[in-house]
Amino acid sequence: MILGLILAIVGGIWGLVQAFAEGTLWGATYLLIPFAFVIFYMANWSKRQIRKNFILIIVGLILSLLGSTFLGNHINNKFVVDSASIPDISNISNNSENNSEKTEAIEVIADPFREGINAATKAAELAQVANTQAEWNEVAITWHQALVLMKEVPESHPQYEAAKNRIDLYRNNREIAKKKAEN
C-alpha cells in the first residue's frame, strides 16, 4: 500500500515536471485543474517518457488500492466475534471472579460499591420472574457482575466492610441461579 502511494506520488510529481517542460500553460493546468493530467497524458501519449510516467502512476494507484483492500479486510477480520468464544454461564467456575483482572474494563467505574448494589438489585429482580434456563443464566451472570464489582471496592472506600460481607452472599446467589439454570 505504501509502495503504491509512493509510486503514485512520485509519478504525479514527475508528471507535473513533464507538464511544465511542455509549457507553462500545461504545467499550470496539470497543477490547478482536477483531472487535467488525463488530458495532458492523452495529448502527449506519443512521447515515451510520458507514457512510462502515466503507467507508473496507474501501477502505484493499483498497488495502493490492493494494499488498502487487504489492510481493510485484515482489520475487519480482527473485530469479528466468534460466537463459540463467548463463554456459557454454565462454564463459569468458582475461580472466575479471581480472574476478573484478566477482563478488560470497558468503562471506568466511579463507585464499584454502588454499581455492585445496582447489579445485585437487578439480579434479585430478575430472579423473581425467571422461569427458563436463559432467564436463570441471565440471573447468574448478573450476580457474577455484582460479585466482581464488590471485589473491586478499595479498602479506602467507606463501604469496604459491607462490600466484603456481600461477596459470599453474591457468590452463593450466583451458584443457586446456576443450579436453577441447569435444571
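Q18 is buried, with a relative accessibility of 9%. This residue belongs to helix α1, which covers residues 2-22. The model is predicted. Beyond four places in sequence, Q18 touches F40, Y41, Q49, I50 and N53.

Now step back to the whole chain. The protein chain holds seven helices and zero strands. Its pattern along the sequence reads α-α-α-α-α-α-α. The chain has 183 residues, and 28% of them are buried. Take the contacts between residues at least 6 apart in sequence: 62% of these join residues at least 24 apart.

Next comes a helix pair. Helix α5 covers residues 112-129, and its axis comes within 11 Å of the α7 axis. The two axes cross at roughly 30°. An angle under 35 degrees counts as roughly parallel, and α5 and α7 are therefore roughly parallel to each other. Their crossing is left-handed. On the α5 side, the contact is made by F113, G116, I117 and A120. On the α7 side, A162, A163, R166 and Y170 take part.

Look at I117 within this contact. I117 sits in helix α5. Its relative accessibility is 15%, under the 20% limit, so I117 counts as buried. Leaving out neighbours within four places in sequence, I117 is in contact with M150, R166 and Y170. L147 lies 30 residues from I117 along the chain, and their C-alpha atoms are separated by 9.5 Å.

M150 brings in another helix. This residue is found in α6, which runs over residues 133-151. Is M150 buried or exposed? At 2% relative accessibility, M150 is buried. What does M150 contact, apart from neighbours within four places in sequence? The partners are F113, G116, I117, A163, R166, I167 and Y170. F113, G116 and I117 are also among the α5 residues that make the contact with α7. A163, R166 and Y170 are among the α7 residues in that contact. For I167, the separation from M150 is 17 residues in sequence and 6.4 Å in space, C-alpha to C-alpha.

The loop between α6 and α7 contains P158. P158 and F113 are 45 residues apart along the chain. Their C-alpha atoms are separated by 9.6 Å.

Charged side chains come next. The model has five salt bridges. One of them joins K164 and E161, with an N to O distance of 3.9 Å. The cut-off is 4 Å, so this pair is counted as a salt bridge. K164 and E161 are three residues apart in helix α7, residues 160-182, so about one helical turn separates them. How exposed are the two partners? K164 is partly exposed, with a relative accessible area of 42%. E161 is also partly exposed, at 46%.

E175 and K178 both lie in helix α7, three residues apart, or about one turn of the helix. Together, R174, E175 and K178 are linked in a network of salt bridges.

R174 is buried, at 0% relative accessibility. K178 is buried too, at 9%. K164, by contrast, is partly exposed, as is E161.

Terms used:
Residues numbered from 1 in each chain as written. Predicted model: local features only at pLDDT ≥ 70, side-chain atom pairs only at ≥ 80, totals over all residues. Heavy atoms only, no water. Helix = DSSP H or I, 4+ residues; strand = E, 2+ residues; numbered from the N terminus. Buried < 20%, exposed > 50% of the residue type's maximum accessible area, 1.4 Å probe, protein only. Axes fitted to C-alpha atoms, helices over the stretch in contact; angles between N-to-C directions. Parallel < 35°, antiparallel > 145°, perpendicular 65-115°, else oblique. Left-handed = near helix turned anticlockwise from the far one by under 90°. Contact = heavy atoms within 4.5 Å.
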